[in-house]
Amino acid sequence: MPGKPTPMMQQYLALKREAGDALLFYRMGDFFELFFEDAKVAAGVLDIALTTRGEHDGEPVPMCGVPVHSAEGYLARLIKGGCRVAIAEQTETPEQAKERAKREGTPVSKALVARDIVRFVTAGTLTEEALLEPRRANLLVAVAPVRDGVGLAACDISTGRMELEECDPQALDAALARLGASEVVAPEDWDAAPPEVIARPRADFRSENGETRLKNIHGIATLDGLGTFTRPMLAAVAGLIAYLDHAGRGTLPFLLPPVARGSGAHLAMDAATRTSLEILEAQGGGRAGSLIACVDRCSTGAGARQLAEDLAAPLAERGAIEERLASVQQFYADPLLRADLRAVLRQAPDIGRALGRLVAGRGSPRDLGQIRDGLAEARRVRDMLAASSDRPALLARMSDALGGHGALVDHLARALVPSPPTERSQGGFIASGYDHSLDALRETSGNARKAIAALEAKYREETKTPSLKIKHNKVLGYFIEVPAKHGDKLMAADSGFTHRQTMAGAVRFNSVGLHEEASRIAEAGAHALAAEETHFDRLVGEVVDARKAIAATAAALARIDVSAALAERAAEGDWARPEILDEPCLEVSGGRHPVVEQALAKTGERFVANDCTLGPDDRLWLIGGPNMGGKSTFLRQNALIILLAQAGSFVPATKARIGLADRLFSRVGASDNLARGRSTFMVEMVETAAILSQATTRSFVILDEVGRGTSTYDGMALAWAVVEAVHEQLGCRCLFATHYHELSRLADTCDALSLHHVRAREWKGDLVLLHELARGAADRSYGLSVAKLAGVPAPVIKRAKAVLDKLEKGREATGGLAAGLGELPLFAVTAQMEEAEEDPLHAAVEAIDVDSLSPREALETLYALKAQAAATDA
């Protein structure tokens, strides 16, 4: 029969119940141990040995462990592997446990050190430098439905930045795609919750709790001074703070006052558009090949994170965009200032994240040093900007936020050594001359060590043993060691030495003189460490008191870095400052795709630039031409030019006049979404439906090969109808690429539609793709030529040509696929005709639920229909 679990295992199982689905890191001395299923999971993710320890219910207990001193690296791998971890630390020393056992009257030999979960480590609650990506924000997002709206609270606890917003339920996926959260929490009883959320109790998401918690955290009586927050926003922030409270076991991280995000302040993009345009991540995964990888020239990690946020949420307000463009222009026009400033910024530590660790109680002396050095560099940046004339408004505001830290910087400079360590347990981070009493303790300790060296020389002389040494370890402290063959000399009763330990080849002793010197060292060292710990707490307190001003400085440095980096990218790529207009236009001269151009430059090839001129009278371009000719690239580059301009960047063109867009839609390419049961064509239609239902006259839309995933007739019919709907109903700027030549007939009926094609030529049987855009319809598709380029065998090409000749002869005889389409009324007219021709009797029959009718009700319904038919005929 299985025995009762040991006290240690009982303690472990109790803590595991608290940890729930998180892996439990159970502290045992210098190791974090994992047991049972946690050990199996961790061993698999970390690729470490799985062993056993004792038995539980008659079975060996699986176990694995990681050293405490290197736990951060293992935690990083577990978090990346999708795990959550609960850290159970020893909350008392073995000596304290024994004293407690004496008070409780239990055997001292069985005293178990108390342990408790001190923190949950999850993807969205990281602050450690080793666990975070320097150039990417780490967002935790809470989502809460309230009535007809959904609140979102987003926070990067490594810097304390928090934003609140409200959106319609159907826009939630787009909002989450923009945020790119590492972790999302939501109420546990919400049926419409996004996939892969962390479910939390509904009681955590009460809006009144959110308001109360914000007031308490920031020490204010009302939220009016912070902004206007709706009930859904407050419900979301309540859930966010409750989760942070749970993860920190009652200790909240650094949180700045929240900022309310307006629904119309940013360019809206859905998840499909973000994926298609590869803004922050390439479609194959990873940063390489994405827009941000092409644009990012930031000198600091904080600047790179700010740039990512700018690209993920471009502005939709002209004034704010112009402010950013003006600051980029300032650095673009002054390359010497730009170079000097970027050199200074490269030396600046990430003070935002250092501040977050210090406020959260996880800081180190190195973090204090980073605050000191970062604020000092901020002062240098401020002086450099002050020397430049006619500073734009944005730079002037950022410059003002860089100052005001002189006293703190001077204090930290006096108190800390030039390069403080990451660990404070061994001391050595307080500078000499800062505290005279600490200096005295260090001198005492140093003199005692000299005394021990002198004592060693004395004992060697007295015992005539040159190999005698005084050593130290954690168990014995200081001791005298001689080879075993000399041990008898010191064993004599009158030798003055006391035997302590006999080893295989050596004997260890103590002496009164050594004990006295060791006590002096230990006492002085302990007092010195205590003094340094006190100084550390005081210095951290000063930094925490100035946290809001330091955070503002960190944000200002990031914004300045982004402006200088965008100016550097513009100078490097010969980009132009766009002119931002309110009218719905897009006039781009010499436009290029930034990512493709950069990739071609690496191989020595030249990107072929193209113009785009959309306006009220010519707002829909129908673009034909062969595959590989550059249609998709042209579509994407114009979408990216709008995105970059509204993010506040110069654009890859010789000249650009851009009318503000409220929404950006891209349906370029699609793939199966088998997990949700959707084929490629279904995905395409879902994305197209979203565009047709959400786009406005101020939107910009790119559509590529709509309808290609189904039969030729169905596909062309859908493409025809979509083009008409965009032209007649939406009235927005649109670039539409297609292989259906028949769609060119729409130019006869759609006044604001024009035909264009990418040029190609055949030369001696080979296809030459010119990648140039020209006005007019494409003369042919060149599909067989592209197939030949791709390496399709010659016999297959020859057979396809024979089939094509036959089909084209049939098309000439019948009028082709589009025969008779020219006589069709327009989309809007058709809709009106269908509405006018609706048969009321037919509608009444359609409304009958036959299965629910009783025989008597069926008879009465039949009489009613007959009467309605008679009335209609009359």
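**Group meeting: pockets, a sheet and a helix**

Let me start with the second largest pocket: 34 residues line it, and Glu 72, Glu 89, Glu 128, Arg 362 and Glu 423 lie nearest its centre. A pocket here is an open set of points on a 1 Å grid over the protein atoms alone, with protein on both sides within 12 Å along at least five of seven lines; lining residues have an atom within 4 Å of a point. This is a predicted model, where local features need pLDDT of at least 70 and side-chain atom pairs count only at pLDDT 80 or more, while totals for chains, interfaces and linings use all residues. Residues are numbered from 1 along each chain as its sequence is written, and side-chain values use heavy atoms, without hydrogens and water.

Back to the pocket. Its space is about 1400 Å³, a volume being the space filled by probe spheres set on points joined across faces, edges and corners. Helix H3 (71–80), strand S5 (85–90), strand S6 (115–121) and helix H14 each give at least two lining residues. Helices (H or I, at least four residues) and strands (E, at least two) are DSSP runs, numbered from the N terminus.

Now cavities, where a 1.4 Å probe fits but cannot get out. The count is 4 at 30 Å³ or more. The largest cavity holds about 100 Å³. Of its 14 lining residues, Gly 624, Tyr 740, His 741, Ala 777 and Ala 778 are closest to the centre. Strands S21 (620–624) and S26 (753–763) each supply two or more. S21 has the largest share, with 3 residues.

Next, the sheet. It is open, has 4 strands in the order S14-S15-S17-S16, and pairs antiparallel; pairing takes at least two DSSP bridges. S14 (469–473) and S16 (497–502) are the edge strands, each with a single partner, so one side of each lacks a neighbour in the sheet. Neighbouring strands are turned by 40° on average, direction ignored. S15 (477–483) and S17 (506–511) share 4 bridges. Pro 483 has Ala 506 of S17 as its bridge partner.

Which helix runs at about 75° to S17? That is H19 (512–545), lying across S14, S15 and S17. Axes are lines fitted to C-alpha atoms, for helices over the stretch in contact (heavy atoms within 4.5 Å), and angles run from 0 to 180 degrees between N-to-C directions.

Last, helix H15 (393–400). Its buried residues (under 20% relative accessible area, 1.4 Å probe, protein chains only) are Leu 394, Leu 395, Met 398 and Ser 399. They fall within an arc of 135° seen down the axis, so they line one face of H15. The arc uses directions from the helix axis to the C-beta atoms. These residues pack against H11 (318–333), H14 (365–387) and H20 (547–573).

Key
Buried means under 20% relative accessible area, exposed over 50%, partly exposed in between (1.4 Å probe, protein chains only).
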